[in-house]
Protein chains: 2
Amino acid sequence: MSLSGKAAGIKDVALAAGVSVATVSRVLGNGPVSEALRKRVEDAVRATGYRPNLSARRLRSQHSQTIGLVVSDIRNPFFTAVSRAVEDAAYRAGMRVILCNSDENPEREELYLRLMQEERITGLIFAPTRATLDRLDGLDLDFPVVLIDRNAPATRHDAVVLDNPRAAAMLVEHLHAQGYRRIAGLFGNTSTTGQERHEGYRAAMTARGLVPAARFLAPHADAAEEAVVDWMAGSDRPEAFIVSNSLFLMGVVKAARRLKLPIPDGLAVAGFDNEPWTELVGPGLTVIEQPVQDIGQSAMTLLFERLEAPDRPSRRLVLGGTCIVRGSTAARMAEAG
Amino acid sequence: MSLSGKAAGIKDVALAAGVSVATVSRVLGNGPVSEALRKRVEDAVRATGYRPNLSARRLRSQHSQTIGLVVSDIRNPFFTAVSRAVEDAAYRAGMRVILCNSDENPEREELYLRLMQEERITGLIFAPTRATLDRLDGLDLDFPVVLIDRNAPATRHDAVVLDNPRAAAMLVEHLHAQGYRRIAGLFGNTSTTGQERHEGYRAAMTARGLVPAARFLAPHADAAEEAVVDWMAGSDRPEAFIVSNSLFLMGVVKAARRLKLPIPDGLAVAGFDNEPWTELVGPGLTVIEQPVQDIGQSAMTLLFERLEAPDRPSRRLVLGGTCIVRGSTAARMAEAG
DNA sequence: GCGATAACTGAAAACGTTTTCAACGACTTT
DNA sequence: AAAGTCGTTGAAAACGTTTTCAGTTATCGC
């Protein structure tokens with residue numbers, strides 16, 4: 001197309017169309033332009049192969065058209081799915097996404113928050129660690145924040161989260177109905193999510209006259225595997241485990257295999273996140289399915305609404321999970337003795 | 001910190017430090033500044049809570065410090081892992097990443113390529129569809145491109161790919177050694193990856209006097225499941241399947257379950273991508289592990305080297321895969337008859 | 001027909017930086 | 001002591017757009 005050495009700028013287009021740069025800009029941003037000129041300009045744009053410079057546009061217009069997304073690790077399938085939903089919604093709205101992985105590290109979160117300021121992002125979607133969550137209300141950021149997955153009971157920011165206590169309770173309920181009584185729990189120790197799920201678990205257990213027994217672990221499959229092996233070596237062997245995320249789910253399955261305990265007869269298990277493979281391992285794993293798509297989309301919606309009405313009181317969107325029942329929690333066999 | 005209504009600009013810092021904006025800029029970009037002034041400026045930066053405006057910086061300096069990453073779908077675990085590696089390397093080098101999901105759709109690829117131009121990205125890491133790959137050499141983009149996962153035999157762009165033919169051959173070899181003879185193949189029909197793996201499969205089969213039997217499918221688990229069910233209903237039932245990606249792996253496992261064929265005795269299977277769950281389903285699935293971390297990092301390295309030496313001839317980095325042997329390809333039992 | 005209004009257009013300012021350029025003072029060299 | 005040289009500094013230009021502001025022309029109401 002262009003034979004000139006340098007890429008065409010808006011000036012070149014203006015020259016080619018015989019109009020002012022202002023008119024070209026108006027055509028591009030659909031301002032008021034006569035049909036005749038609009039046509040001429042559009043032709044000139046094609047002829048020159050002009051591509052607007054987004055940095056310049058952003059600088060002048062003071063609209064970055066960019067939203068930030070900070071999660072702990074994109075490789076966590078939950079965040080993978082949410083990210084995808086967020087990005088789709090963003091691109092659909094003509095915005096770009098800057099994705100950052102914090103690795104559950106508050107220092108990196110701080111670093112990235114600073115980056116977001118420098119990018120002058122329009123808004124942030126954020127799954128913070130507990131440490132940062134505590135500081136968050138104090139920080140004065142010049143963009144709205146929507147929390148996802150994790151949130152504080154009272155924060156000035158909008159949030160969209162799963163109904164974690166309810167979801168954990170559903171698992172307890174289900175296991176109880178299936179005849180399980182000694183139900184142990186493994187929960188993540190870095191996020192509020194783990195806490196909330198534990199709380200739901202604890203409440204549901206005691207409500208049924210069962211005694212809760214929980215451990216809090218770093219979010220790794222290995223940690224869960226070791227915990228289970230260790231636990232099953234003791235005298236208070238649980239009949240079933242409720243676990244807080246899919247990494248722990250893997251850990252439990254590995255432990256069961258190592259201990260040669262069949263699922264569910266030797267050890268029942270239920271957890272969170274309906275990933276495709278949970279259907280395939282063993283007799284299928286019972287899980288709570290999170291509405292990941294919905295979470296991502298809703299986060300964007302909340303963000304846009306907040307941008308339109310900055311002073312409206314903060315909102316908390318609590319979405320329900322679905323309990324997908326599979327073989328890993330099949331009815332408990334009568335026990336001898 | 002700042003009590004003023006507006007965020008501090010470089011002017012405010014200059015004013016607070018009693019120096020010119022040029023000096024502030026030099027302190028930030030570590031140009032030549034006396035120690036005394038440098039100190040004054042740094043204090044002023046802290047005092048004002050100054051955050052540079054990256055859009056302005058990019059516009060003036062003509063360095064976007066941004067690299068583009070276009071993959072088919074971030075939810076494909078292979079791309080998830082590669083993305084993470086790319087982003088880590090990028091942030092380490094002080095660059096940002098713009099991630100786009102093409103969904104194997106050439107139109108979206110074109111859209112995103114245009115976007116990349118407008119962002120004036122420094123370079124692109126790209127896993128294109130076959131259609132776009134064909135056009136790619138013709139396009140004149142004003143940034144270097146590093147292809148990942150897929151590539152054309154002869155392209156002017158750098159690339160880092162798995163040794164796909166070899167990897168597929170390894171699977172054939174392994175299955176053959178385990179006593180399997182009727183080995184069918186399922187390959188993706190949208191990428192060159194599928195083609196290359198098929199080629200390796202075909203060659204390895206014929207080299208052993210076996211007859212290859214392959215089908216090409218859209219990259220969905222369902223497609224694979226149907227294909228297997230259909231295939232096993234016919235007269236030429238394979239003893240084993242080699243599949244081109246992890247989605248197909250799921251499809252095969254589901255089909256086996258549906259047909260009540262035990263793995264591996266009723267149906268052996270081996271595939272690509274050593275995802276955590278492949279260890280857990282059935283007797284464990286034999287897979288080729290791709291060096292995902294290495295692929296992402298190498299892509300960035302190739303990109304940087306290209307930026308330093310734009311005229312060096314293009315390079316193709318071919319990485320080897322590792323065959324992880326698991327129960328899904330255990331030695332074939334002697335067959336009656 | 002004539003002033004008021006509306007619709008369009010262009011010149012120039014603005015966005016917040018980096019970079020160029022010239023100037024300055026303090027040394028060193030001759 | 002004059003002439004370079006070096007390291008530091010500030011004024012102003014530049015980056016490529018959008019936006020303001022002030023026209024200009026055409027249209028309308030009377």
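Q: What does the side chain of Asn76(B) reach at the start of α5(B)?
A: In this predicted model, a side-chain oxygen of Asn76(B) comes to within 2.9 Å of the backbone nitrogen of Phe78(B), at the start of α5(B).

Q: And what comes just after α5(B)?
A: Just after that helix, Gly94(B) takes a positive phi of about 75°.

Q: Is the helix itself mostly buried or exposed?
A: Of the 16 residues of α5(B), 14 are buried, so the helix is largely enclosed by the rest of the structure.

Q: How far apart are its end C-alpha atoms, and what span should one expect?
A: The end C-alpha atoms of α5 (residues 77-92) of chain B are 23 Å apart, which agrees with the 22 Å that its 16 residues should span at 1.5 Å a residue.

Q: Changing topic, where is Gly179(A) found?
A: Gly179(A) sits in the loop of chain A that lies between α8 (164-177) and β6 (183-188), and Gly179(A) is partly exposed, with a relative accessible area of 30%.

Q: Which residues does it touch, leaving out those up to four places away in sequence?
A: With those left out, Gly179(A) touches Glu239(A) and Arg332(A).

Q: How far is Gly179(A) from Phe78(A)?
A: Their C-alpha atoms are separated by 30 Å, and the two residues are 101 residues apart along the chain.

Q: What rotation superposes chain B on chain A?
A: A rotation of 180°, with 0.1 Å of shift along its axis, superposes chain B on chain A with an RMSD of 0.1 Å. The two copies are therefore related as by a two-fold rotation axis. In chain B, the C-alpha nearest that axis belongs to Val281(B), 2.2 Å from it.

Terms used. Residues are numbered from 1 along each chain as its sequence is written. Chains are lettered from A and ligands numbered from 1 in the order in which they are written. This is a predicted model: local features need pLDDT of at least 70, side-chain atom pairs count only at pLDDT 80 or more; totals for chains, interfaces and linings use all residues. Side-chain values use heavy atoms; hydrogens and water are left out. Copies are superposed by least squares on the C-alpha atoms of residues with pLDDT of at least 70 in both. Helices (H or I, at least four residues) and strands (E, at least two) are DSSP runs, numbered from the N terminus. The expected span of a helix is 1.5 Å times one less than its number of residues. Buried means under 20% relative accessible area, exposed over 50%, partly exposed in between (1.4 Å probe, protein chains only). A polar contact is a pair of N or O atoms within 3.5 Å; within protein, one must be able to donate a hydrogen and the other to accept it, and residues adjacent in sequence count only if both atoms are side-chain atoms. Contact means heavy atoms within 4.5 Å.
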